[in-house]
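Good morning, colleagues. Please look at the sequence and the model on the screen while I take you through a few of its features.

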Amino acid sequence: MRVVSTSSLPIDLAGQVTARFESAAVVVPDHWIGVERCDLAEADALVCLLLDRIDASVIARAPKLRVVANCAVGYDNVDVDALTSAGIALTNTPDVLTEATAELAFALMLAAARRLPEGEALVRSGTWQGWRLDQLLGIQLLGKTLGIIGLGRIGQAMRRRAEAFGMRVIFADPHAPGALSIDQVFAQADVVSLHCPLTPETRNLVNAERLAAMKSTAIVVNTSRGACVDEDALVDALTGGRIFAAALDVFAREPEIAVRLRSCPRLVLAPHIGSATTEARTQMAQLCADGVIAVLSGSRPRNLVNAEVVFRG
Ligand code: DGY
């Protein structure tokens with residue numbers, strides 16, 4: 001039995017797998033090498049990151065593969081239909097990163113509302129002349145309306161935080177009772193925060209029309225997937241002063257960040273660190289190990305994405 005990981009992990013995958021399957025070979029590089037560089041010819045299980053594109057070409061290199069454990073809650077990097085047709089299980093890592101991601105989204109909302117990066121840059125530049133009555137005026141969140149796009153686990157965690165801050169919360173979600181339309185959320189909210197998966201319906205969900213419909217004091221926060229935002233339209237809205245600010249943790253073509261984005265005013269930027277806490281990342285890796293061991297033992301893993309796959313012991 002052979003388990004291959006495309007990356008180092010913050011858990012002892014080899015120890016855990018061999019404790020269950022004594023003769024198993026477990027290949028874990030000391031950093032992320034990418035699925036293209038992994039030898040999958042004999043692999044029964046693959047642990048991968050959202051950076052790895054898992055599609056038919058990977059499946060063709062892995063004739064024995066039974067499970068792909070994607071170390072992320074999102075799985076837009078995976079061709080799920082291709083795995084399902086090949087009878088390969090896909091697992092992801094929900095729940096364990098919910099609070100970490102909501103904390104980051106909240107931090108970004110505060111940073112954008114209170115212009116923290118501008119303040120930090122001013123202090124670090126050595127040119128700060130001291131307190132001024134009108135310096136770096138931001139937006140108070142108390143009493144403002146947060147619009148959540150996607151009221152899943154992370155959206156709900158964001159909602160709890162916003163309500164604790166005295167914000168009113170509205171949301172758009174095809175599955176949530178009481179939801180408004182996406183357009184209504186954009187028109188009414190003071191802050192819109194994205195917590196939806198990337199699908200054909202959510203690609204470029206933040207576009208020029210919706211940005212134009214927002215209040216001039218509005219803020220956009222994205223910790224979901226970069227392609228949910230039309231980045232050119234966002235830069236135009238910010239440089240034209242049509243909205244107050246935005247904060248992005250994710251980008252359409254990571255790790256490439258367009259120069260327009262990097263030099264855009266009123267835009268807080270973070271390097272896709274929504275789940276980057278020691279607690280979350282350790283538990284994400286643990287869920288991958290649990291999924292691999294479950295499938296190789298012939299059981300149904302807890303976080304199975306493609307429920308159609310049949311398990312054989
Ligand atoms: C995910 O899990 O989908 C995040 O983007 C990375 O943790």
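I begin with a definition: a salt bridge here is a side-chain nitrogen of Lys or Arg within 4 Å of a carboxyl oxygen of Asp or Glu. The model is predicted, so local features need pLDDT of at least 70 and side-chain atom pairs count only at pLDDT 80 or more, while totals for chains, interfaces and linings use all residues. Residues are numbered from 1 along each chain as its sequence is written, and side-chain values use heavy atoms, with hydrogens and water left out.

By the salt-bridge rule, the count comes to 14. One of them pairs Glu-42 with Lys-64, at 2.4 Å from N to O. Glu-42 sits in the loop between strand S2 (25-27) and strand S3 (45-48), and Lys-64 in the loop between helix H2 (56-60) and strand S4 (67-70), so this pair ties together parts that are 22 residues apart in sequence. Helices (H or I, at least four residues) and strands (E, at least two) are DSSP runs, numbered from the N terminus.

Let me turn to the domains. The assignment, which is automatic or from a database, gives domain 1 (2-96 + 277-296) and domain 2 (98-269). Their C-alpha centres lie 32 Å apart. Eight residues of domain 1 are in contact with five of domain 2, contact meaning heavy atoms within 4.5 Å. The two domains bury about 600 Å² between them, 48% of it on carbon and sulfur atoms; buried area is the accessible area (1.4 Å probe) that two parts lose on being put together, summed over both.

How many salt bridges does the rule find across the interface of domain 1 and domain 2? It finds two.

Next, aromatic rings. Rings of Phe, Tyr and Trp (its six-membered ring) pair if their centres lie within 6.5 Å; planes under 30 degrees apart count as stacked, over 60 as edge-to-face and the rest as tilted. The structure holds one such pair. The rings of Phe-106 and Phe-165 have centres 4.7 Å apart and planes at 70 degrees, so the pair is edge-to-face.

Finally, two backbone features. A cis peptide bond, with omega about 0 degrees, joins Glu-254 and Pro-255. Pro-255 is in the loop between strand S10 (245-248) and helix H10 (259-262). Asn-204, a residue other than glycine, has a positive phi near 55 degrees.
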